[in-house]
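Let's take a walk through this model together. Keep the viewer open and follow along as we go from one site to the next.

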Amino acid sequence: MFDFMRNKVVDVARLDRETLEVHGILDDSIYSLELCFKVNISDLICSGVKGRWLRWTTPECPRAIDFLHEAEGFCLKAGIDNKIHKTIGRKSCRHFANLFIECGHAVRETVKLLNWEAAQKENPEITFKQFMRNDETASMAESSPGMDNEKKELSSPSGTNKPSPKKTEHKRNAGSLGNPSAKKGKFVIDMHVHTSPASPCASDSVDAMIQEARRIGLQGICLTDHNYVWSAEAVQALSEKHDFLVLRANEIITEQGDILTFGFYENLQGITRLADLKKKVADVGGFIVAAHPFRGFLTFGADDVGLTPDSAMARELFKWVDGVETLNGKVTETENNMARDVANGLGLPSTGGSDAHDISTVGVYATAFDEVIDSEASLLAALKQGKYHPVVFR
Ligand SMILES: [Zn+2]
Ligand SMILES: [Zn+2]
């Protein structure tokens, strides 16, 4: 009996007004690979295509990376799939082609949502379905020339492919949590930070991220590069070099979403089953937090998807985690609020982190601890005691 599994996860984030950032991962029983690129929203042209193998079979596979640049300048409108098969699939590798096609689909879904958001500014009442119907002929072609050949219909996000435009410019709930006095007398750590090159989508080095964290007055940062394990020595050396608290954690991709792990240093690749991760982390006395648990869920608004804090609390994810990230810098205010309501409802402790991929967003959110943290051990102890809360820092 053979058992074969394949999963694809695609994440689309909005970098700025003009640009989307796409990160895809394909993981099956044999191969595991990642793809990352940027897309111009107005014309769907992609650039900065990067990839890496996490697991492969033949010595030929690594060479596929060199051919990914063939996709530079591709316009990801519907109908591009054949061209992707012909170039990336043949010259590079069919697995990268397969993942690229999935990413292209996610990009198109995301752009539909962005166009709908724009339409709502003129007509706040318009629902997504109405927008897609009205849009059939005119406005889409104008606002997004790349979309004109596409069949306009609402395809609801599938499990492996959730369009999730992240509104990084969204208004933060500074009223409740942004009180600057909340920072005073507290030990504030950005618990969710990515660095380059450890995270393929990050653009600033670990040194730059630490310098910025120090400059803005944080007391420490926690490196949470995706499925990447920093050595204790490397992190110690960084702490000494910058005279600043640098801690290591990890962000692990599971079938139920991203999980931040603390006190756990096994190098896991691809997509891990949450149940397995929980067991592994518990075995070494670690702590796991559901990262941005509603990212992309509430793009339509909670009412549209019928999600209430009560129904959200029933998600299997929350049966496994020790805590919930309720302030994440890459999601909307509604999505953070839902995470907060769920954490409060379930009595789970809450953390905050920027999820920064470059220095401009380090420390937008962080976690304020009641006591001084000076080591991985004291961080872990504090996390378990629950003496902390998420804060708006920057
Ligand atoms: Zn994440
Ligand atoms: Zn992250």
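Which residue's side chain does Lys387 meet in a salt bridge? The partner is Glu371, with an N to O distance of 3.3 Å. Lys387 sits in the loop between α13 (376-385) and β14 (388-392), while Glu371 is in the loop between β13 (365-369) and α13, so this pair ties together parts that are 16 residues apart in sequence. Both ends are partly exposed: Lys387 has a relative accessibility of 36%, and Glu371 has a relative accessible area of 42%.

Before going further, keep in mind that this is a predicted model. The chain has a mean pLDDT of 85, and 85% of its residues reach 70 or more. One stretch to treat separately is residues 137-184, where the pLDDT is below 50; in the model, this stretch still has 108 contacts beyond near neighbours in sequence.

Back to the charges. Side chains of opposite charge can pair when their charged atoms come close. There are 21 salt bridges in the structure. One of them joins the side chains of Asp11 and Arg295, at 2.1 Å from N to O. Asp11 belongs to strand β1 (residues 6-14) and Arg295 to the loop between β10 (287-290) and α9 (302-305), so the bridge ties together parts that are 284 residues apart in sequence. Arg295 is buried, its relative accessible area being 15%. Another bridge links the side chains of Glu60 and Arg63, with 2.8 Å between N and O. Here Arg63 is partly exposed, at a relative accessible area of 46%.

Now for the metals. The zinc ion (ligand 1) is coordinated at 2.1 Å by Glu251 (OE), Asp258 (OD) and His292 (NE2). Along the chain, these donors follow the spacing E-x6-D-x33-H. Asp258 in strand β9 and His292 in the loop between β10 and α9 are 34 residues apart, and the pair links distant parts of the chain. Asp258 and His292 are both buried.

What lies 3.3 Å from the zinc ion (ligand 1)? That is the zinc ion (ligand 2), and Glu251 coordinates both. The protein donors of the zinc ion (ligand 2) are His192 (NE2), His194 (NE2), Glu251 (OE) and Asp355 (OD), lying 2.1 to 2.2 Å from the ion. Their spacing along the chain reads H-x1-H-x56-E-x103-D. If you check the geometry, the 4 donor atoms subtend angles of 82 to 170° around the zinc ion (ligand 2), which makes the arrangement irregular. His194 comes from the loop between β5 (187-193) and α6 (206-215), and Asp355 from the loop between β12 (350-353) and β13, so the pair ties together parts that are 161 residues apart in sequence. His194 and Asp355 are both buried.

Next, turn to helix α8 (residues 274-283). Which of its residues are buried? Leu274, Ala275, Leu277 and Val281 are. Looking down the axis of α8, you'd see its buried residues fall within an arc of 160°, so they line one face of the helix. The background is simple: an α-helix has 3.6 residues a turn, so residues three or four places apart point the same way. What do the buried residues of α8 pack against? Their partners are β8 (250-254), β9 (257-262), β10 and α11 (317-320). On the face of α8 turned away from its buried side, you'll find the exposed residues Lys279 and Asp283. Just after the helix, Gly285 takes a positive phi of about 75°.

One last stop is a lysine in helix α2 (residues 94-122), namely Lys112. Is this lysine buried or exposed? Lys112 counts as buried, because its relative accessibility is 2%. If you want a distance to check in the viewer, the C-alpha atoms of Lys112 and Phe131 are 9.4 Å apart, and the two residues are separated by 19 residues along the chain.

How values were computed: Residues numbered from 1 in each chain as written. Chains lettered and ligands numbered in written order. Predicted model: local features only at pLDDT ≥ 70, side-chain atom pairs only at ≥ 80, totals over all residues. Heavy atoms only, no water. Salt bridge = Lys/Arg side-chain N within 4 Å of Asp/Glu carboxyl O. Helix = DSSP H or I, 4+ residues; strand = E, 2+ residues; numbered from the N terminus. Buried < 20%, exposed > 50% of the residue type's maximum accessible area, 1.4 Å probe, protein only. Donors = N, O, S within 2.8 Å, 3.2 Å for Na, K, Ca; no water. Tetrahedral: all angles 85-135°; square planar, octahedral: opposite > 155°, others 65-115°. pLDDT = per-residue confidence, 0-100. Contact = heavy atoms within 4.5 Å. Arc of directions from axis to C-beta.
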